[in-house]
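This report goes through selected helices and a chain contact of the structure shown below. Please keep the sequence and the 3D view at hand while reading.

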Amino acid sequence: MWKRLENTKFWRHPVARNITVCLGILAIATGAAAPVAQFSTNDTVNVAMIYILSVLMIARYTDGYIPGIIASVVSTFFVNLFFTYPYMELNFTLEGYPATFLCMLTIALITSAATSRMKEQSRILNERDKLLMEAEKEKMRANLLRAISHDLRTPLTSIIGISSAYIENNQSLSGEEKDRMVQNIQEDANWLLNMVENLLSVTRIRDGDTRVNKSPEPLEEVVSEAVQRFRRRLPDAIVTVQIPDDFIMIPMDATLIEQVLINLMENAYYHGNPSKPIKLSSFILDNRACFQISDQGPGIPDEALSSIFDGSPSSSQSSDSHKGMGIGLSICKTIVSAHGGTIKAGNLSSGACFTFNLPLGENTNDTKTKYFDH
Amino acid sequence: MTPKQSILIIEDEKSICSFIETTLTANGYKVQTASTGQKGLSIATSLCPDLILLDLGLPDMDGLDIIQKIRSWSSLPIIVISARTQEREKVNALDSGADDYITKPFGTSELLARIRTALRHYQHISDLKGSSAVPVYQYDGLTIDFDKRLVTLNGQTIHLTQIEYKLVTLLAQNSGKVLTYDYIINHIWGPYADNNNQILRVNMAHIRRKLEANPAEPNYIFTEIGVGYRMQESQS
């Protein structure tokens, strides 16, 4: 009923709403004050308190200063009219009355003004927060776009270059050279595809709020599928996998978490030492599932550590398409954050190491919801 | 030599269609193509191909309708081509009668393997009408003797519970093919079972621990998250 009232056109008109709120609250206050005055004559202090409370409420639930001021004045008159001797008569001149009613009016006015101002300030603060968040999002989007255009341009340049070289020099190229060129094109195209899949994953995170469709998935199934897909793409890579013995269900969007695992493994493959194994291990810590991907390469330079998830291509690697994992890592961070987890990068004695964790949460039984209800 | 098996490709993207056609022709299949669902249906009814490759995103018809229309008169194998993120469509297609699916983009070897599996399964079913399927599953040290109800791994007998054995045999008899969660639950727990697949996944975890050396790197039973499970194709 209240909701219905809130949605009417009448309710949305500010003056009409203010008047209604004023009248309503004053009526309730009068109704509440009547029995108080009835049972304990001369208890005008409590009656005055009730009215001051009502003024405070009015200031809280109306817009601007005016309703509060009007309510203050009306309350003072009401108390005088109904609850003080002589009853049903306005009289401010009896002994002690001028001071009492002046005090009441002043308290009511100050209360209403203070409440209104507080409301106004919190509104301004809210707006400023919103603007800040918008700016932050805008910055992230700009960073991502810059990283995308950078990361996409390089393999495309090489594809276009190689294919035109192939067409122009078709006669003079040996079969072996041709094979190698086509192979390069294939590699670059595969890499582009991976990038597009990454971007598609991000669209699965609903716009506006950073939340995902979670359903409980067994840790081992997600890890094994990710490793399988990774091996299919990079058959030369060596991966060792370690998971807990227990059967663990983690609420997640499996497609997205697989993407994170694949990105981190690929990162380890390209930046680490491709001939040494990549280690993927997972364990439970503090009611969180942790995943750790480490390589045996040169590690991450200290100056890159702080901004590695920002999605901005670092200048030293700008010429090498495969090494520019700018977007990949920033997408990992977006996905993990959307799951309520954290991700961090660091160096072990043997090489770089990426760790992310996901909250285990309650083991809810909504496994089906993801695949069949939406 | 056996006569060439014929494959119908229903796919609206010209470049993908021609790449599949080239690959299949080079591998000894007879290929027909259709760029719309309507054309595909009419070719399917007039020429009765041995297998259909069906893209789910056709401009004129819903892929599911095509599967249902074909299923109303034939059980010929249908392999669905779909994009990675469409788990739900894949599951719907499989549950309405498609035999298998392949995710875009796919390599030629993967495509050929799927086609061989689907054709072989179809062959089995028509060869063995009435009698039980293959008597033994065998792959890389794992043997399942369906008559003796015996599962051995590298010569050692593996002890499975009743449900676990039923699950493994169901997957083994359909080895190489993906089985959806719903299909498995229907076959093991019956049509009135709770639709929650948690119990299935717990059982699969137990099986993995008994069969696989490392449950995170399975050798026999693979997970297709959001869709179901696929067992490595039998070598026997």
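## Helix H5 of chain A

In this predicted model, helix H5 of chain A, residues 66-83, has 18 residues and reaches 25 Å from its first C-alpha to its last, which is close to the 26 Å expected at 1.5 Å a residue.

The buried residues of H5(A) are A:Pro67, A:Gly68, A:Ala71, A:Ser72, A:Ser75, A:Thr76, A:Val79, A:Asn80 and A:Phe83. Among the elements of chain A that cover these buried residues of H5(A) are helix H3 (14-39), helix H4 (44-61) and helix H6 (97-168).

## Packing of H2 and H3 in chain B

In chain B, the axes of helix H2 (residues 37-47) and helix H3 (residues 63-71) come within 11 Å and cross at roughly 15°. Because angles under 35 degrees count as roughly parallel, H2(B) and H3(B) are therefore roughly parallel to each other, and their crossing is right-handed.

To this contact H2(B) brings B:Gly37, B:Gly40, B:Leu41 and B:Ala44, while H3(B) brings B:Ile66, B:Lys69 and B:Ile70.

## Contact between chains A and B

The contact between the chains takes 22 residues from chain A and 23 residues from chain B. On the side of chain B that touches chain A, helix H4 (87-95), helix H8 (198-211) and strand E11 (221-224) of chain B each supply at least two residues, and the largest share, five residues, comes from H8(B). The residues of that side of chain B divide into nine nonpolar, eight polar and six charged.

Notes: Residues numbered from 1 in each chain as written. Chains lettered and ligands numbered in written order. Predicted model: local features only at pLDDT ≥ 70, side-chain atom pairs only at ≥ 80, totals over all residues. Axes fitted to C-alpha atoms, helices over the stretch in contact; angles between N-to-C directions. Helix = DSSP H or I, 4+ residues; strand = E, 2+ residues; numbered from the N terminus. Parallel < 35°, antiparallel > 145°, perpendicular 65-115°, else oblique. Left-handed = near helix turned anticlockwise from the far one by under 90°. Contact = placed C-beta atoms within 7 Å. Nonpolar A, V, L, I, M, F, W, Y, C, P; charged D, E, K, R; others polar. Expected span 1.5 Å × (residues − 1). Buried ≥ 20, exposed ≤ 12 C-beta atoms within 10 Å, placed from the backbone.
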